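Student: Could we take a close look at one part of this model together? I would like to start with a single residue and then see what surrounds the rest of the picture.

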Amino acid sequence: MRTLLLALILAALGTSAQAQSHYPSRPITLVVPYPAGGTADLLCRFAGERASALVGQQVVIENRPGGAGGRIGIEQVMRSPPDGYTLLCGTQLNYSITHLVFTKAAFDPRALEPISVLAIYPLIVIARASLAVNNLADFVAMARANPGKITYGHQGKGNTGHLLGELMMLKGNFSMTEVPYRGSAPAINDLLAGNIDMVPDYLLANKQNIDTGKLKLLATGSRERLKDYPKVATIAETLPGVYADTWMAVSAPPGTPKEITSKISDAIHQGFQQPDMKARILALEANPLGSSPDEMRALTQRSLETWSPVVQAAKITID
């Protein structure tokens, strides 16, 4: 009996190892928990494109928007078999603070297996064109002189724009009135219409409006001034220690073998180092990375250390 049991276990292990060595043998689904279009979706598509070419199987992009913070898509991947055929392409906050913000969520993305951070891009602080300030220092001074009268919009509760607005208030000792929206587009439309004063957002989607003077670029969340806007100060030049960026990353369901995650990570890294891909990512005002799983773990931990105090101080929770 023991001999038979041992034989069955060894056979199962052998079958599993053989499956991993032949991975992938069929198409891979890359779930993006956000709508198609925009920087985040494009970066995921770039990853799918290069991984597909390098591992020899098609990578199918499946946009699964819905639920606060992309909950529907995340849950789909969390429930998927750990065989490497269903992967997640999510944002920094999906991986780092979801467990803090979504207090009643039935999932914890910290259990996902890291694969690769694709690229990093900074947040920016933009204001309506008619606002009587041209930089963040003057904006902070105005907000301090008018407690609660300045309005700031964001993409939704618990998103990076919301967290950056709260972090700026905490570090700058001023108050604003929060105006949440369902996504960046309606927030920017209201900013263009002059209905709100400021929105923390991303450069690519707002570059044309900034360059044509329809919106004011007050500051950038990068560690250095952006090359295209050398006269625009970083947030940290006004509020020391405040940096705000985001990134997109690929992960696998809990328990996915290291051999599989390493293979996809290596393919993404190799693809993102190719000159044409670097150029495409830089054109999105993002910095290409294509990290290792360990580097993704470190960046996730840094994100947690940056944003968890903000979540706790501002008491941000979503049911």
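Student: In which loop is Asn173 found?

Tutor: Happy to walk you through that. Asn173 is found in the loop between helix 7 (160–172) and strand 6 (177–180). Please keep in mind that this is a predicted model. As a rule, most residues other than glycine have a negative phi. Asn173 also counts as exposed, because its relative accessibility is 67% and the cut-off for exposed is over 50%.

With a relative accessibility of 71%, Lys315 counts as exposed.

Another backbone feature sits between Tyr23 and Pro24, which are joined by a cis peptide bond with omega at about -5 degrees. In general, most peptide bonds are trans. Pro24 belongs to the loop between helix 1 (2–21) and strand 1.

Four of its five residues are buried, so strand 1 is largely enclosed by the rest of the structure. Strand 1 pairs with strand 2 (residues 59–63) in the parallel sense, over five bridges; within this pairing, Thr29 has Val60 of strand 2 as its bridge partner.

The axes of helix 2 (residues 38–55) and helix 11 (residues 258–272) come within 8 Å and cross at roughly 105 degrees. Angles of 65 to 115 degrees count as roughly perpendicular, and that is why helix 2 is described as roughly perpendicular to helix 11. On the helix 2 side, the residues in contact are Leu43, Phe46, Ala47, Arg50, Ala51, Leu54 and Val55, while helix 11 contributes Ile264, Ala267, Ile268, Gln270, Gly271 and Phe272. Sorted by class, this contact has ten nonpolar, two polar and one charged residues.

Technical notes. Residues numbered from 1 in each chain as written. Predicted model: local features only at pLDDT ≥ 70, side-chain atom pairs only at ≥ 80, totals over all residues. Heavy atoms only, no water. Axes fitted to C-alpha atoms, helices over the stretch in contact; angles between N-to-C directions. Helix = DSSP H or I, 4+ residues; strand = E, 2+ residues; numbered from the N terminus. Parallel < 35°, antiparallel > 145°, perpendicular 65-115°, else oblique. Contact = heavy atoms within 4.5 Å. Nonpolar A, V, L, I, M, F, W, Y, C, P; charged D, E, K, R; others polar. Buried < 20%, exposed > 50% of the residue type's maximum accessible area, 1.4 Å probe, protein only. Pairing = 2+ DSSP bridges.
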